[in-house]
Amino acid sequence: MTNPESLVFRGGTVLTMDKTHTILDGADVLVVGDSIAAVGVGLDVPPGTREIDAGGGIVMPGMIDTHRHMWQTAMRGYGADWTLTQYFVWYYLEHGRKFRPQDVAAGNRLAALESLESGVTTVVDWSHGLQSVDHAQAAVDALLAVPGRYVLAYGNIQAGPWEWSADPAVRAFLERYRDGEGSLNGVQMAFDVTGDPAFPEKAAFEVARDLGLSVTTHAGVWGATGDDSIRQMYDGGFMQPDTVYVHAASLSADSYHRIAATGGSISVATESEQSAGQGYPPTWQVRRHGIPVSLSMDTSVWWSGDLFSAMRTTLGADRSREHFEAHLKGETITHAALRAEHVVEWATRGGAHALGRDDLGSLEVGKKADVVLLRNDDSTVSFPVLNPYGHVAFQAQRADVHTVVVNGSVVKSDGKLVGVDLASARREIEDTVGYLRGELGEQAWSAGMYPDQAATERLENPYQYTDFKSDTTTRAREEEFREQLEQG
């Protein structure tokens with residue numbers, strides 16, 4: 001990783017993502033130290049400034065993921081055919097407790113590298129596999145070893161939040177890292193509210209309040225957390241502007257009203273909601289209720305670890321629902337409500353808002369220098385760039401991330417991560433996979449990866465296809481015609 005005194009991106013299409021979403025063509029972005037010093041065309045720069053050619057590319061703020069279970073990255077793709085129930089059984093009830101501190105660290109390290117490679121400069125590590133403070137320390141140590149910005153959302157699915165949050169060792173850990181250190185930009189508390197009438201989670205909310213920590217919670221998850229959970233949080237005074245509601249996909253209008261009224265935000269993980277079954281991705285609801293939105297990818301156990309996929313999937317889900325509901329009424333949608341510009345904002349400025357980081361999420365003078373250049377001269381889909389928002393949301397992919405700057409430091413250059421020992425990261429992951437596979441045994445390992453498939457009932461088809469050559473009438477006519485030819 002290099003940390004030049006100043007650097008400038010020259011001649012790119014600059015998506016500032018400021019309040020008016022200003023786009024500058026053929027413009028420059030000057031970074032001095034850890035901040036944006038100037039944005040404009042033909043900027044004068046200090047002597048010795050490193051120049052990065054952004055011509056033909058798009059310069060945008062670093063993307064922000066507000067909900068990623070980084071500790072699960074070693075199991076990439078393992079649960080591709082899972083439902084949410086199978087995920088719960090595997091991690092919560094059966095095998096999640098087998099993860100050692102070093103396994104959490106391996107997943108965190110790889111997820112952090114993966115994030116930077118795809119232009120995601122800030123990640124909320126929704127770390128709900130922290131069975132002990134040793135696990136938590138391993139998670140933090142891994143994040144501190146990788147450049148970027150990370151927020152550790154502390155959780156433990158093997159115990160109730162009222163239990164682990166009462167542990168003096170946990171509280172001491174949270175207090176130690178509350179204000180951050182290096183690439184760790186602070187901590188949150190991560191737990192869910194089940195709707196139990198006794199509201200046992202109240203104790204955990206009180207700990208968060210005592211420590212001055214925000215809470216991130218899986219809300220509106222079908223069959224797990226719903227409207228009762230929201231009412232309990234609201235009645236207890238625990239719905240705060242810094243509360244992040246992940247998914248929020250199966251809530252009533254009343255719950256959305258409560259979220260909007262208390263100033264919270266929703267982290268939409270569309271690939272997850274579509275595939276796992278938390279509910280339909282709620283972007284159509286948040287538009288109606290005026291709730292701030294950020295994007296997240298959830299877990300690599302199922303899905304891709306970049307926000308390009310999140311953006312295009314979110315657009316597809318929202319638009320397909322809009323068309324579907326219109327068609328049911330015999331109507332036609334002629335203008336899409338959710339635009340590419342909206343999801344690019346959610347992936348940048350929306351994430352900054354969710355984290356209370358006004359110094360991130362846009363390219364403006366004085367903001368922190370988290371900058372991404374999308375440019376790939378070897379790609380046939382890198383040109384032309386006509387609609388830059390549409391290009392980011394529908395055309396770009398991780399291979400197009402040319403340069404990534406975090407806090408003024410170049411962490412990816414010319415398409416490659418800087419100063420990364422990927423072989424070491426690979427060895428750590430291989431160790432985790434080998435250990436878990438040995439712990440489960442081959443039968444359980446295979447059964448977990450390939451769950452039973454429900455049979456598909458085949459409908460009886462009232463239409464029967466008849467080969468004209470086998471039809472008796474057709475054959476008879478062919479023979480009659482042949483006889484007529486023979487008789488002249």
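Y91 and M311 touch the most other members of the largest nonpolar core, which holds 97 residues; such a core is a set of buried Ala, Val, Leu, Ile, Met, Phe, Trp, Tyr and Cys residues joined through side-chain atoms within 4.5 Å, with buried meaning under 20% relative accessible area (1.4 Å probe, protein chains only). Apart from residues up to four places away in sequence, Y91 touches W71, Q72, M75, W82, G96, R97, F99, I157, Q158 and V301, where contact means heavy atoms within 4.5 Å. A second, separate core of 16 residues has L7, V14, A369 and L373 among its members. The model is predicted, so local features need pLDDT of at least 70 and side-chain atom pairs count only at pLDDT 80 or more, while totals for chains, interfaces and linings use all residues. Residues are numbered from 1 along each chain as its sequence is written, and side-chain values use heavy atoms, without hydrogens or water.

M311 turns up again in a helix pair. On the α11 side, the contact is made by L307, M311, T314, L315 and R319, and on the α12 side by A340, V343, V344, W346 and A347. By class, this contact has eight nonpolar, one polar and one charged residues.

Turning to the strands, V244 lies in β11 (residues 244–247). At 3% relative accessibility, V244 counts as buried. Beyond its neighbours within four places in sequence, V244 is in contact with V215, T216, T217, S265, S267 and A354.

Terms used
Buried means under 20% relative accessible area, exposed over 50%, partly exposed in between (1.4 Å probe, protein chains only). Helices (H or I, at least four residues) and strands (E, at least two) are DSSP runs, numbered from the N terminus. Ala, Val, Leu, Ile, Met, Phe, Trp, Tyr, Cys and Pro count as nonpolar, Asp, Glu, Lys and Arg as charged, and the others, Gly among them, as polar.
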